[in-house]
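Subject: Structure for your review

Dear colleague,

Please find below the sequence and the structure that I am handing over to you. My findings follow directly after it.

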Amino acid sequence: MTTAVVLTAAGSGARLGHVLPKALVPVRGEPLLVHAARGLMAARTEAGERVAVLVVTAPEGFVADVRAALETDLGAGPGVVPPVVVVGGASRQASVAAGLAALPPEVDVVLVHDAARPFAPPALVASVVEAVRAGHRAVVPGLPVTDTVKRVGPGGVLGWPVEATVPRAELRAVQTPQGFDRALLDRAHRAAAADAHDESVAASDDAGLVERLGEPVWVVPGDERAAKITTARDLAVAELLGDDLSPA
């Protein structure tokens, strides 16, 4: 049994307003992707299993920069191979597919994690792996939605008509890492390969691809520390929170 992670770090991060790709933007002294990789590699299940293979997708033209960023102590140990860096694709879906293609054949569980969620704690990572090992072939962490959510219809510059209020008890805000049986995730990506290079139709997460197959996806409790950094404000909040984001 071997667990691998595809760490998606190929996004431009245009909304972050930084000259560097998002994954290379420093927070608390290190690039986002380094924080994310370290948390992944620190995870241990109750059975002692850890991530053995790390594949990182990089923006075109930044492969060397990503490799250089990963030349630090990520908590590697016996049985853990050095990180592999591959060029990402035109969409997140295409990038994950490129990462999957780089995995060795012995991998049977795959986590997909966004470098934009740099402080996902090791305990969260381990809980996803344990759920997959327990028989749930597709697992996502999620948090209850606290805002009131409205479903709206077509509108324009003056707004949108409300069609319904969605019951919050039925909703979860989904995070990463998402975990999968490797064969199922490979099948889901093959089935949707035609959409991968068009951002407007590509899947926003891998669980969505599994759902398209009609296969069940399970939700496990998420963690507020796995928040996504998208804007400059998010980056400032991460800097401000400091040790509050450190893994427990």
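Strands, labelled E, are DSSP runs of at least two residues, numbered from the N terminus. Please bear in mind throughout that this is a predicted model.

Strand E12 and valine 220

Strand E12 covers residues 218-221, and valine 220 is found in it. Buried means under 20% relative accessible area. Valine 220 has 15% relative accessibility and therefore counts as buried. Leaving out residues up to four places away in sequence, valine 220 touches Ser127, Val128, Ala131, Val139, Val140, Pro141 and Gly142. Leucine 185 lies 35 residues away from valine 220 along the chain, and the C-alpha atoms of the two are separated by 18 Å.

Strand E6 and its partners

Which strands does E6 pair with, and in what direction? Strand E1 (residues 3-8) is joined to E6 by six bridges, and the two run parallel. Within this pairing, valine 6 has valine 112 of E6 as its bridge partner. Strand E11 (residues 178-181) is joined to E6 by four bridges, and these two run antiparallel. Here valine 110 stands opposite phenylalanine 180 of E11.

E6 itself spans residues 109-114 and is mostly covered, with six of its six residues buried. In a regular strand the side chains alternate between the two faces of the sheet. On one side of E6 are Val109, Leu111 and His113, and on the other are Val110, Val112 and Asp114; all of these are buried, so both faces are covered.

Helices H3 and H5

How do H3 and H5 pack against each other? Helix H3 (residues 92-101) and helix H5 (residues 182-191) pack at an angle of about 135°, and their axes are 11 Å apart. That angle makes H3 oblique to H5. Their crossing is left-handed. From H3, the contact is made by Gln93, Val96, Ala97 and Leu100, and from H5 by Arg182, Leu185, Asp186 and His189. These contact residues divide into four nonpolar, two polar and two charged.

Loop residues

Arginine 28 lies in the loop between strand E2 (26-27) and strand E3 (30-31). Arginine 28 has a positive phi of about 55°, although it is not a glycine. With a relative accessible area of 30%, arginine 28 is partly exposed.

Arginine 168 is placed in the loop between strand E9 (162-166) and strand E10 (172-174). Its relative accessibility is 41%, so arginine 168 counts as partly exposed. Neighbours within four places in sequence aside, arginine 168 is in contact with Val145, Thr146, Asp147 and Thr148. Glutamate 46 is 122 residues from arginine 168 along the chain, and their C-alpha atoms are separated by 32 Å.

Proline 177 lies in the loop between E10 and E11. The peptide bond leading from threonine 176 to proline 177 is cis, with omega near 15°.

With kind regards

Key
Residues are numbered from 1 along each chain as its sequence is written. This is a predicted model: local features need pLDDT of at least 70, side-chain atom pairs count only at pLDDT 80 or more; totals for chains, interfaces and linings use all residues. Side-chain values use heavy atoms; hydrogens and water are left out. Axes are lines fitted to C-alpha atoms, for helices over the stretch in contact, and angles run from 0 to 180 degrees between N-to-C directions. Angles under 35 degrees count as roughly parallel, over 145 as roughly antiparallel, 65 to 115 as roughly perpendicular and the rest as oblique. A crossing is left-handed if the near helix is turned anticlockwise from the far one by less than a right angle, and right-handed if clockwise. Contact means heavy atoms within 4.5 Å. Ala, Val, Leu, Ile, Met, Phe, Trp, Tyr, Cys and Pro count as nonpolar, Asp, Glu, Lys and Arg as charged, and the others, Gly among them, as polar. Buried means under 20% relative accessible area, exposed over 50%, partly exposed in between (1.4 Å probe, protein chains only). Two strands pair if DSSP finds at least two bridges between them.
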